[in-house]
Amino acid sequence: MAGAEGFVEADNAEAIMIRIEHKTRKIESLLKQYKPVEALRTALEGTHAMTRDERCKSAHWIVVHRALMAIKDVDGMLSSLDSEYYDILMKYLYKGLSTGDRPTCEQCLRIHEKLTERAGFGCILRYLADTLNTV
């Protein structure tokens with residue numbers, strides 16, 4: 001992994017895990033305050049830090065999944081969410097669909113439909129084309 005330019009080195013994985021733990025606490029607090037959109041926005045922030053460490057990816061998926069499952073008003077969520085998050089959200093929706101968990105898949109499909117209506121098919125194509133920044 002040392003030769004993979006742009007990716008976080010293994011020794012920085014602990015620092016990423018600490019940031020994810022802080023993010024988890026913040027998201028739980030937002031969810032307790034009935035602010036699921038802010039929780040999702042917080043979960044999606046900082047996902048640009050590229051890492052191949054599976055522990056980090058798994059921990060971050062758990063955080064995003066928690067926020068995704070709290071969303072009830074998909075249209076309201078997409079209206080409140082900046083368009084810069086659409087591509088990242090699409091990646092996590094496909095991650096959720098790959099789990100095979102029925103409630104997760106149902107929620108991801110519901111959001112996927114509305115996100116595709118709002119952002120178009122480019123969002124899906126960018127997800128498929130991006131083989132470096134996997135979630």
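Buried residues, meaning those under 20% relative accessible area with a 1.4 Å probe and protein chains only, make up 39% of the 135 residues in the protein chain. The model is a predicted one, in which local features need pLDDT of at least 70 and side-chain atom pairs count only at pLDDT 80 or more, while totals for chains, interfaces and linings use all residues. Residues are numbered from 1 along each chain as its sequence is written, and side-chain values use heavy atoms, with hydrogens and water left out.

The protein chain contains seven helices and zero strands, and its elements run α-α-α-α-α-α-α from the N terminus on. Helices (H or I, at least four residues) and strands (E, at least two) are DSSP runs, numbered from the N terminus. Among contacts (heavy atoms within 4.5 Å) between residues at least 6 apart in sequence, 69% join residues at least 24 apart.

**Helix packing**

Two packed helices are described by the angle between their axes and the distance between the axes. Axes are lines fitted to C-alpha atoms, for helices over the stretch in contact, and angles run from 0 to 180 degrees between N-to-C directions.

| Helix pair | Angle | Axis distance |
|---|---|---|
| α1 and α2 | about 165° | 8 Å |
| α2 and α3 | about 160° | 8 Å |
| α3 and α6 | roughly 70° | within 10 Å |

Helix α2 covers residues 36-44 and helix α3 covers residues 54-69; the two pack at an angle of about 160°. That angle makes α2 roughly antiparallel to α3, a term for angles over 145 degrees. The crossing of α2 with α3 is left-handed, which is the case if the near helix is turned anticlockwise from the far one by less than a right angle. On the α2 side, A39, L40, A43 and L44 meet H60, V63, V64, A67 and L68 of α3. By class, this contact has eight nonpolar, one polar and no charged residues. Here Ala, Val, Leu, Ile, Met, Phe, Trp, Tyr, Cys and Pro count as nonpolar, Asp, Glu, Lys and Arg as charged, and the others, Gly among them, as polar.

Helices α1 and α2 pack at about 165° and are therefore roughly antiparallel to each other. Their crossing is left-handed. K23, K26, I27, L30 and L31 of α1 make the contact with P36, E38, A39, T42 and A43 of α2. Six of these residues are nonpolar, one is polar and three are charged.

The axes of α3 and α6 cross at roughly 70°, so α3 is roughly perpendicular to α6, a class that spans 65 to 115 degrees. In α3, W61, H65, L68 and M69 meet P103, T104, Q107 and I111 of α6. This contact divides into five nonpolar, three polar and no charged residues.

**Core and loop**

A nonpolar core is a set of buried Ala, Val, Leu, Ile, Met, Phe, Trp, Tyr and Cys residues joined through side-chain atoms within 4.5 Å. The largest one has 36 residues, and those with the most contacts inside it are L40, L44, L68, M77, L89, L93 and L115. Two or more residues come from each of α1 (13-32), α2, α3, α4 (74-80), α5 (86-97), α6 (102-119) and α7 (122-129). Not counting residues up to four places away in sequence, M77 touches V37, L40, I71, L89 and I111.

K72 lies in the loop between α3 and α4. At 65% relative accessibility, K72 counts as exposed, the class for values over 50%. K72 and V37 are 35 residues apart in sequence and 9.6 Å apart in space, C-alpha to C-alpha.

Notes:
Parallel < 35°, antiparallel > 145°, perpendicular 65-115°, else oblique.
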